[in-house]
Amino acid sequence: MSYTLQFGQIWPFLPRLLEGAVVSLQIAVLAFCGGLLIGTVCAGVRSFGPRWLARIVGLYVVFFTNTPQLVQIYFLYFALPDMGILLSSFMAVVIGMTLNAGAYLTEIQRAGFESRRASEMEAAEVMGFSRIQQIRYVILPHVARVLFPPLSNQFIIVTLGTSMAAVFGVEELTGEAFNINAQTFRSIEIFSVTAGIYVVLTLAASVGLALLGRAVFRARTELI
C-alpha cells in the first residue's frame, strides 16, 4: 500500500500548531516555577526542618514520584468534583504537573543543599548569620550554581510532559495536532511537523537556559 506525503495540506494549519506550542510553554513555565517553589521549601524542610515535618514531606515525595503523573491529574480532574471542587482542564493539568514537578525538584534541590561546604557554613555561623540568612546568602547561591544544569533538564522534561494535557481537552501543541489530524487524516505529516516543533522548543529552551546559567550563576552548561 503506497502513501504519498502531502505536507502542503498541513502548512495552512501551522499557525494553530504554533499557538498550541505557546500554550504548552505556558503550562511548562507555570508548572516548573510552582514546582521549583514547592521543591525549595520542601528541600529546606527535609534538610533543616524538624523530623516529623521532614517525614511528611518524604511521604509527599514518595507518593508523587511513584505514581503516574497522568493518574494524579485524573484524580484532580475527575475525583475532586465529587467533593465539590471543580477545576478546568487547564488548571487541573497545571496543578497536577506542579505537584509532580515539586516532588522531583525537592529531591534535586535537597542534593544541592547537602552538597554545601562545611567551611562556608562555619564561616556564616561565626559571622552570626541566622539559619534563614545562611540559606539565603550561603546555601542558595551555591545551590543555584551546582543545580542549574539538572534543573534545566527538569524543565525540558516538564515541557515535554505537557503533551498529556491533550487527554483533558487542552489545546496545547499535541491537542492541536489531534484536532488537525481529525480534520485532515494526514497523520504522518501532522505528527512529523509536531515532533519538529517540540525539537525546536526544547533546543531553544536548552540554549536559553544554558546562556542564562553561564551569565547569572556561572554554571557549567552545554549549549546543545
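This is a predicted model: local features need pLDDT of at least 70, side-chain atom pairs count only at pLDDT 80 or more; totals for chains, interfaces and linings use all residues.
The protein contains eight helices and zero strands, and its elements follow the order α-α-α-α-α-α-α-α from the N terminus. Of its 224 residues, 41% count as buried. Among contacts in the protein with a separation of 6 or more, 75% are accounted for by residues 24 or more positions apart.

Two packed helices are described by the angle between their axes and the distance between the axes. For helix H1 (residues 14-48) and helix H2 (residues 51-65), the angle is about 135 degrees and the axes lie 8 Å apart. Angles over 145 degrees count as roughly antiparallel and those of 65 to 115 as roughly perpendicular, with the rest, beyond the roughly parallel class under 35, counted as oblique; H1 and H2 are therefore oblique to each other. Their crossing is left-handed. On the H1 side, the contact is made by Ile38, Cys42, Val45 and Arg46. H2 contributes Leu53, Ala54, Val57, Gly58, Tyr60 and Val61. By class, the residues of this contact comprise eight nonpolar, one polar and one charged.

In soluble globular proteins, nonpolar side chains tend to be buried together. In the present model, the largest nonpolar core has 29 residues. Within this core, the residues with the most contacts are Ile27, Ile73, Val93, Met97, Phe155 and Val158. At least two residues of the core come from each of H1, helix H3 (69-79), helix H4 (89-114), helix H6 (131-161) and helix H8 (187-217). H4 gives the most, with eight residues. When residues up to four places away in sequence are not counted, Met97 touches Ile27, Ala31, Gln69, Ile73, Val158, Gly161 and Thr162.

Gln69, one of the residues touched by Met97, is placed in helix H3. The relative accessible area of Gln69 is 17%; the limit for a buried residue is under 20%, so Gln69 is buried. With neighbours within four places in sequence left aside, Gln69 is in contact with Met97, Asn100, Gly161 and Met164.

Technical notes:
Residues are numbered from 1 along each chain as its sequence is written. Side-chain values use heavy atoms; hydrogens and water are left out. Axes are lines fitted to C-alpha atoms, for helices over the stretch in contact, and angles run from 0 to 180 degrees between N-to-C directions. Helices (H or I, at least four residues) and strands (E, at least two) are DSSP runs, numbered from the N terminus. A crossing is left-handed if the near helix is turned anticlockwise from the far one by less than a right angle, and right-handed if clockwise. Contact means heavy atoms within 4.5 Å. Ala, Val, Leu, Ile, Met, Phe, Trp, Tyr, Cys and Pro count as nonpolar, Asp, Glu, Lys and Arg as charged, and the others, Gly among them, as polar. A nonpolar core is a set of buried Ala, Val, Leu, Ile, Met, Phe, Trp, Tyr and Cys residues joined through side-chain atoms within 4.5 Å. Buried means under 20% relative accessible area, exposed over 50%, partly exposed in between (1.4 Å probe, protein chains only).
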